[in-house]
Amino acid sequence: MVRAWWQRFRHNWMDYPLRQGTVRAGRYRIEQSLGMGSYGQAYRCTDLAAGTPVLMKRGKPTKRSIGHQMLKRESELMRKLHHPQIPQWLNEVNHRSETLLVMDFIEGDNLEHAIMELGRTYTEREALLIVSQVLRPLKYLHEEGYVHRDVRTPNIIQNGDSVWLIDFGLACRISEEHPDEWRRTWLADQTDEEHEEGQDWHADSWGEVKQRMRKPEPASDLYGLGHVFLFLMYAGYVPQEGQEELGWEEELSLHPAVKCFISDLLARKWETAAQCEQELERVWRALS
């Protein structure tokens, strides 16, 4: 018990966010910690050479070589991507013993923050429009031979009418399998998250949803997109007092064409975002 507590304390201390005002690589001044994932940390920084805001990522110290390798992979992938709805790679620099990935800083709120912190709700059309906008960078990504594997509300930023897909830390080539060491580390991290959130690791849990999203195939991204839509719709859902919990098909009042489309997303019906995009055009015609 004491050893487990000590290990957790040590990990939390090692992964404590860098202080505001700290300058990395003699150029990037940290302004704000933006959050921490399984492998890395993200910061809003000022590029002192250009005088512009940038996003800087570093591997979590406790992940050691795996965090470093994951960050290098993300940097190599993002360097190849050029799409207006994907942050642009800017630099990869070394600071002492760590590698730093620098990219465009995207202004706006991620969808999770908009819902949970700002109290934003979405109509059926608004949620469907976001799905339509996210399909564009996904289509590009799939055509380039990659899969995102983490299409969730925290990784979609909206600013007015503009939408961006961010965080390519888990992205990989289609059909690519990560080394066994990486998979074991990821499964351990996800199991810990489930326990911390008070959820069980079973077929109906969020952990199972994540497992399906992590498969290195385009359908995984579309599956995640289906859950994004439901998350947006449930932001404004208020059950009647005493109402028993039902499936989303019964709880949400959706147009039949939309309900069918979301069901197909969750059933992984389409192999590419392009196929999904074609079906979505038919849904928009049904709504008009």
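Tutor: Two strands pair if DSSP finds at least two bridges between them. Strands here are DSSP runs of E, at least two residues long, and helices are runs of H or I, at least four residues long, both numbered from the N terminus. This is a predicted model, in which local features need pLDDT of at least 70, side-chain atom pairs count only at pLDDT 80 or more, and totals for chains, interfaces and linings use all residues. Residues are numbered from 1 along each chain as its sequence is written, and side-chain values use heavy atoms, with hydrogens and water left out.

Student: How do you know that β7 and strand β9 pair?

Tutor: Count the bridges. β7 and β9 (residues 156-159) have two, in the antiparallel sense. Aspartate 109 stands opposite glutamine 158 in β9.

Student: What makes β7 and β10 edge strands?

Tutor: The open sheet has three strands in the order β7-β9-β10, paired antiparallel. β7 (109-110) and β10 (162-165) each have a single partner strand, so one side of each lacks a neighbour in the sheet. Helix α4 (residues 124-143) packs on this sheet and touches β9 and β10 (contact means heavy atoms within 4.5 Å); the direction of α4 makes about 45 degrees with that of β10.

Student: Why are α4 and α7 called roughly antiparallel?

Tutor: The angle decides. α4 and helix α7 (residues 218-234) pack at about 160 degrees, with axes 10 Å apart. Angles run from 0 to 180 degrees between N-to-C directions, and axes are lines fitted to C-alpha atoms, for helices over the stretch in contact. Over 145 degrees counts as roughly antiparallel, under 35 as roughly parallel, 65 to 115 as roughly perpendicular and the rest as oblique. α4 and α7 are therefore roughly antiparallel. Their crossing is right-handed.

Student: Which residues of α4 and α7 meet?

Tutor: Among them are Leu128, Val131 and Leu135 in α4, and Leu222, Leu225 and Phe229 in α7. The contact holds 13 nonpolar, one polar and two charged residues.

Student: How do you know whether leucine 230 is buried or exposed?

Tutor: Leucine 230 is in helix α7. Its relative accessibility is 8%, so it counts as buried (under 20% relative accessible area; exposed is over 50%, partly exposed in between, with a 1.4 Å probe and protein chains only). Leucine 230 touches Trp248, Leu252, Ile262 and Leu266, leaving aside residues up to four places away in sequence. Leucine 230 and alanine 127 lie 103 residues apart in sequence, yet 8.5 Å apart in space, C-alpha to C-alpha.

Student: How are α9 and α10 oriented to each other?

Tutor: The axes of α9 (residues 256-266) and α10 (residues 273-287) come within 9 Å and cross at roughly 165 degrees. That angle makes them roughly antiparallel, therefore the label is the one α4 and α7 carry. The crossing of α9 and α10 is left-handed. Phe261 and Leu265 are among the α9 residues in the contact, and Leu280 and Val283 among those of α10. The contact divides into nine nonpolar, no polar and one charged residue.

Student: What makes β6 mostly covered?

Tutor: Six of the seven residues of β6 are buried. The six-stranded open sheet runs β1-β2-β3-β4-β6-β5, with antiparallel pairing. β4 (residues 52-59) and β6 (residues 98-104) pair over five bridges, with lysine 57 opposite leucine 101 and arginine 58 opposite leucine 100. β5 and β6 pair over six bridges, with asparagine 94 opposite threonine 99. Two residues lie between β5 and β6 in their hairpin, where arginine 96 takes a positive phi near 55 degrees.

Conventions: Left-handed = near helix turned anticlockwise from the far one by under 90°. Nonpolar A, V, L, I, M, F, W, Y, C, P; charged D, E, K, R; others polar.
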